[in-house]
Amino acid sequence: MSQSAPFPDDSPPPPQFRARGALLRRLADVVCLPSSRINAFERSVTADLLIEMLRDASPDERLRVSKRLAGLSEPPAQLARLLLHDAPEVARPLLEDCEHLSDAELLDCARTASSEHRLMIAGRKGLSEVVVETLVAAGELRVIEAVLANRNAKIGHAGLEALVAISRDAPELAPALLRRTELRPAQAYVLFWWADPEARRTILQRFAVSREILQDAAGDIFPMAAQEGWQDPMSRKALQFIERRQRNRAAIEKSPFTSLEAAVSAAQHGMTREVAEEISYLAGLKPMTGAKLFTDPGGEPLAVLCKATGLPRTALRALWRGLRRPETGEDGAINPAFERTLLIFDTMAVDRAQTVLRYWNWSLSSAMTPELLRAIREGDDSVIDEYSLPQRAAMLAFAKELGRN
């Protein structure tokens with residue numbers, strides 16, 4: 001990613017000539033003259049001469065020129081490029097104080113200079129989406145943290161997708177990601193799976209949105225789809241996400257249990273794979289989604305499941321026991337994870353819980369294809385843009401379960 005600076009640190013110091021220093025200052029003065037005093041060609045020729053002199057100048061002399069250029073509205077491109085690729089302390093005035101560097105200049109510096117250069121770029125005001133994407137692509141955590149902390153940086157959809165993916169292996173980025181106003185519910189629902197308890201609580205409070213507007217807008221579409229026998233898979237998936245009913249009434253006819261409550265009651269004596277699958281079917285979930293919820297170490301997904309399906313608080317406790325999780329600690333106090341799970345259940349609205357649960361089901365199972373499974377197992381991120389939003393969510397959420405490092 002980086003390349004050696006044009007001024008190696010081990011080069012001998014240049015001789016101290018008074019004329020050289022004076023000429024460098026004078027050429028810098030000419031380059032910085034206003035356009036009313038110098039035309040573009042004169043400025044360009046002067047900049048070329050200054051570039052040749054700077055190649056053999058001392059770091060202090062190059063720093064002085066860098067400081068002079070930082071205030072220009074249009075610093076000469078080649079001169080700016082030379083100094084931007086100089087040692088970090090020389091490039092600093094331009095990277096931190098020059099407001100008129102173009103995206104092309106910043107991109108070139110970000111791609112070919114050092115991590116220190118990228119860190120300074122990350123703190124610039126008005127950082128554009130394309131520059132942010134390049135900084136994020138380098139994968140340097142301290143640079144990414146600086147980008148996320150920069151309230152004036154513009155993070156586009158592609159940048160956010162990349163940041164969410166990176167946070168899977170660096171979950172400490174989750175709080176900073178959640179402070180970004182650009183983050184959307186779909187991205188937050190994926191981030192949930194590796195977020196810490198506090199970040200999970202924030203996600204469920206802020207991003208668990210209501211579907212009331214969607215339900216009102218699509219209310220008359222349901223009978224149309226029913227008349228067509230639900231033959232269109234595209235509209236069927238979308239309407240399944242929108243509809244008010246969470247439980248799968250048709251699954252009751254094939255289930256050995258008379259209701260979802262009966263299945264949960266059976267689970268409290270020991271959750272087996274068969275019971276877990278039946279609970280998933282009765283709750284309107286695919287078994288793959290149910291497996292993700294039941295094996296989550298935090299337990300918050302269990303609260304979402306119970307609230308979304310209208311199960312009582314006692315059912316949540318039954319699932320907790322069935323999964324052999326402790327309700328209390330050695331001191332007799334309630335287990336912190338169980339306490340958090342109960343709090344989520346008590347404070348979350350049914351409709352909002354359904355939104356989260358259905359997105360998880362949509363992204364974790366309905367989008368799963370043999371090709372996507374193969375890409376996940378092989379760790380093939382190179383073709384991620386070919387996949388849909390739910391497919392990308394599944395790639396991230398199931399990476400560890402399906403054997404990817």
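Biologist: Is the crossing of α21 and α23 left-handed or right-handed?
Modeller: This is a predicted model, in which local features need pLDDT of at least 70, side-chain atom pairs count only at pLDDT 80 or more, and totals for chains, interfaces and linings use all residues. Residues are numbered from 1 along each chain as its sequence is written, and side-chain values use heavy atoms, with hydrogens and water left out. A crossing is called left-handed if the near helix is turned anticlockwise from the far one by less than a right angle, and right-handed if clockwise. For α21 and α23, the crossing is right-handed.

Biologist: How is α21 oriented relative to α23, roughly parallel or roughly antiparallel?
Modeller: The axes of α21 (residues 300-308) and α23 (residues 336-347) come within 8 Å and cross at roughly 30°; axes are lines fitted to C-alpha atoms, for helices over the stretch in contact, with angles running from 0 to 180 degrees between N-to-C directions. Angles under 35 degrees count as roughly parallel, over 145 as roughly antiparallel, 65 to 115 as roughly perpendicular and the rest as oblique. The crossing angle therefore makes α21, relative to α23, roughly parallel.

Biologist: How many residues of each class are in the contact of α21 with α23?
Modeller: Contact means heavy atoms within 4.5 Å. Ala, Val, Leu, Ile, Met, Phe, Trp, Tyr, Cys and Pro count as nonpolar, Asp, Glu, Lys and Arg as charged, and the others, Gly among them, as polar. The count is four nonpolar, one polar and four charged residues.

Biologist: Which residues does Leu-302 touch, not counting residues up to four places away in sequence?
Modeller: Leu-302 lies in α21 and has a relative accessible area of 0%, so it is buried; buried means under 20%, exposed over 50% and partly exposed in between, using a 1.4 Å probe and protein chains only. Its C-alpha atom is separated by 9.5 Å from that of Gly-290, 12 residues apart along the chain. The residues touched by Leu-302 are Leu-293, Phe-294, Leu-316, Trp-320, Leu-323 and Arg-325.

Biologist: With which residues is Pro-326 in contact, leaving aside its neighbours within four places in sequence?
Modeller: Pro-326 belongs to the loop between α22 (313-322) and α23. With 47% relative accessibility, it counts as partly exposed. Pro-326 and Ala-337 are 11 residues apart in sequence, and their C-alpha atoms are 8.9 Å apart. The contacts of Pro-326 are Trp-320, Asn-335 and Phe-338.

Biologist: What is the phi of Arg-324, which is not a glycine?
Modeller: Most residues other than glycine have a negative phi. Arg-324 is placed in the loop between α22 and α23, and it counts as exposed because its relative accessibility is 59%. Its phi is positive, near 60°.

Biologist: What phi does Trp-230 have?
Modeller: Trp-230 sits in the loop between α15 (221-227) and α16 (233-242). Its relative accessible area is 34%, so Trp-230 is partly exposed. Although Trp-230 is not a glycine, its phi is positive, at about 55°.

Biologist: Which helices are included in what covers the buried residues of α19?
Modeller: In α19 (residues 273-282), the buried residues are Val-275, Ala-276, Glu-278, Ile-279, Ser-280 and Leu-282. Just after α19, Gly-284 takes a positive phi of about 80°. The cover of those buried residues includes α17 (249-252), α18 (260-267), α20 (287-295) and α22.

Biologist: How far apart in space are Ser-363 and Thr-289, C-alpha to C-alpha?
Modeller: Ser-363 is part of α24 (residues 350-366). Because its relative accessible area is 1%, Ser-363 is buried. Ser-363 and Thr-289 lie 74 residues apart in sequence, and their C-alpha separation is 8.9 Å.

Biologist: How many helices and strands are in the protein?
Modeller: Helices (H or I, at least four residues) and strands (E, at least two) are DSSP runs, numbered from the N terminus. Of the 405 residues of the protein, 49% count as buried. The tally is 26 helices and zero strands.
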